[in-house]
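Dear colleague,

Please find below the sequence and structure we discussed. I would be grateful if you could read the notes that follow with the coordinates open.

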Amino acid sequence: MRYLYLIRLLLLVICLNNVAFSRVLAYESFAGAGDSSPQDIMIADFESDSYDSWQVSGTAFGPAPAEGTLANQMDVTGFEGDRLANSFYGGDVSKGTLLSPAFKIERPFINFLIGGGGYDSLTCMNLLVNGEVVRTAVGPNTMPGGSEQLYFRAWDVKELVGKNATIEIVDNYSDGWGHICVDSISQGYKSKQTVFLDKQRVLTADKKYLNIPVKHGAANRLMRLYVDGSCQREFTVELSGDTPDYWVYLELTEFEGKDVTVQLDRCLPENTDGFDAIFQGDTYPGSDQTYSEALRPQVHFSSIRGWINDTNGMVYYKGEYHMFYQHNPYGWNWGNMTWGHAVSNDMLHWTEIGDAIHPDELGTIFSGSAVIDENNDAGFQTGVEKAMVCFYTSAGGNGPLSAGEPFTQSIAYSNDRGRTWTKYEGNPVINHIAGGNRDPKVIWHEPTGKWVMVLFIDNGLLEFFTSTDLKSWTKTCELNGFHECPELFELPVDNDPSNKKWVVYGANGDYMIGSFDGVVFTPETSKIRFHYGNCFYASQTFNNMPESDGRRVQMTWGQVEMPGMPFNQMILFPVTLTLHSTASGIRMFVNPVDEIESLYSRDWSWHNEVASAGSNILSSVDGSLYRIKAVLKPEGAQACRLKIGSQTLEYNVAEAKLSCAGQTASMPLVNGELSLDVIVDRMTIEIYANDGEIYMPVRANLAGSVVELGLDSVGGNTRIIDMNIYELNSVWNK
């Protein structure tokens, strides 16, 4: 009996061990399966040329899964196979949904690749059980910049195993990042979720620059700089993990001697090389090539590094012209909007003195203007220097710090001629009104003794405000018909100081002429076309010009791409604006500032000579940067053609049209003569015709050692009344 009992006990132990071993095997199979486990269940890989049994609504997802990147979309990466669900079909404005057929949840995790917009309930993927959302996920992007790379996410659905479910992919947002990208939805025993790290370095700021390697087209990474526990800089950058295309820099001068913490947000463990390469220096890699790069404009301003667009805060003070501009200090594309700052004593030779106004919790820093507070109306002045006061838009929702707050208007001021800046503690001075209200232009109105602001609101609407202290503003009137970046100023007609008119214009330059009493602008014309080019946008004129000067000088964003360069875009040549009477009414004329004459080097001239068909009277000219001034008279010619490198500037006599680089302007001859003034740089040709009545700035890649010129007369002769060609020196001090 004892032996029988022992045998039974032994059999029971073996049985229990087998059960336990089976449970261990089952658990290991459940929890330890690899990413490519054959037991994964594919819900959707979107590899078909249709959505199969998925229900499609709206237009955002198109007629079928996308074969990668769609039209006008940044490169989409990180998806598997050849296709994915991509709601950028038709751009961010389109909306729609995808709804899967029902399936049973049979594994503890649902894995998927996701990218695109990060707006809760608007750009998302939802898991529905009994019609209710039980899990949701969004893409990583809500601010300009970002990356279209998809990363793995996972839902833990252990408690839902056995239930029936559907998956809904939603695009119900029509602004920036208003789309969602999804691929490779599967059930599995193991989470595939991408694990991100936050990596940081602590260093003592003892050099001028923090140098950061950039690879154009790399994923945008979020970086922060902390000083004394406070976030002082926050920006995205295409951080290079291998050989950088170029280096950008963050200026450390204001933090000298302090410990600063540099942090990289959401870092992949295998992708930290670029962060590790960041270093301090008193110069930056590539500094020996600055201003001599292949596509660097030589008689126009462009920033040392990064993207630039709108001119901002144009103001003159004590011998210096101050130009601020929309600046991305950390990359070739638009983003990280900051106010760059340069100064000049002639509007031609500019020196960058560091970025002036940086993003904060109210948003990134959009366009605006600057004034000199001569009477200390705002109370900011603390020393002998008058306060320089900048008005800008705090673009809420366009930076990581601001978390979607609406656009408001803010102030920063300087008491040391623009070298250091303090943001007003009472910001914003104008709260959100409507839409993307932005771009405050502020001027002093002498007759009423008040400050005046013009602000773009939305849908073509401008609103006017007045103030006595630059802080509190009262709305006075509205004006319809202009989109963003408004401008307001007064000019004499035909140089007659007793006959002045007011001008209002918007970002594309088109303008109205009228009267303004400091409260209400009354239009006296409809909108008038300002230019006939293809690279003009978002200009501004200088405030506070010396009374002895009396000019109204404008500088403009030149929309010209600089591929392969560590900088992008440029500022067009400074021009003087004047009002003149014409057969069509009062019109604004445009001419380059007289300071251009200081750039003259060699010159060639012709007087009372004939240009005939097939000849080239300009064959002796051998420069690359030019100002060309000519008065031509067609004598039987059907057309006059001025060849400028690969481009041709043509005047068609019969059609009375001037054309260049695909742009055309109707322009009758004046007393049978055609007057031309042309500035030629590496990336632009700027044309001022009929003494400035026609303005045509165009893009033209003329980079090279010599830009050949030619003058041709078609179908007859053209008389050269006068022609002077001046070779121009570069504005950059080498």
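This is a predicted model: local features need pLDDT of at least 70, side-chain atom pairs count only at pLDDT 80 or more; totals for chains, interfaces and linings use all residues.

Loop between strand 1 and strand 2. Strand 1 spans 41-44 and strand 2 spans 55-58, and D45 sits in the loop that lies between them. Together with E47, E80 and D82, D45 forms a negative surface patch. D45 is partly exposed, because its relative accessibility is 33%. F46 belongs to the loop between strand 1 and strand 2 as well. Although F46 is not a glycine, its phi is positive, at about 55°. The relative accessible area of F46 is 7%, so this residue is buried.

Other backbone features. A positive phi also occurs at N495, again a residue other than glycine, with a value near 60°. N495 is located in the loop that links strand 33 (487-493) and strand 34 (496-505), and it counts as exposed at 69% relative accessibility. The peptide bond between N427 and P428 is cis, its omega being near 0°. P428 is placed in the loop between strand 28 (422-423) and strand 29 (438-445).

Cysteines. The structure contains zero disulfides. For C485, the closest cysteine sulfur is that of C390, and at 15 Å it is too far away for a bond. Likewise, the sulfur of C640 has its closest cysteine sulfur in C660, 14 Å away, which is too far for a bond. C485 is buried, with a relative accessible area of 8%, and C640 is also buried, at 5% relative accessibility.

With kind regards

Methods:
Residues are numbered from 1 along each chain as its sequence is written. Side-chain values use heavy atoms; hydrogens and water are left out. Patches are made of residues with over 30% relative accessible area and no salt bridge: like charges are joined within 9 Å, nonpolar side chains (Val, Leu, Ile, Met, Phe, Trp, Tyr) within 5 Å. Accessible areas come from the Shrake-Rupley method with a 1.4 Å probe; for residues, only the protein chains shown count as cover. A salt bridge is a side-chain nitrogen of Lys or Arg within 4 Å of a carboxyl oxygen of Asp or Glu. Lys and Arg count as positive and Asp and Glu as negative; His and the chain ends are not counted. The place of a charge is taken as NZ of Lys, CZ of Arg, CG of Asp or CD of Glu. Helices (H or I, at least four residues) and strands (E, at least two) are DSSP runs, numbered from the N terminus. Buried means under 20% relative accessible area, exposed over 50%, partly exposed in between (1.4 Å probe, protein chains only). A disulfide is a pair of cysteine sulfur atoms within 2.5 Å.
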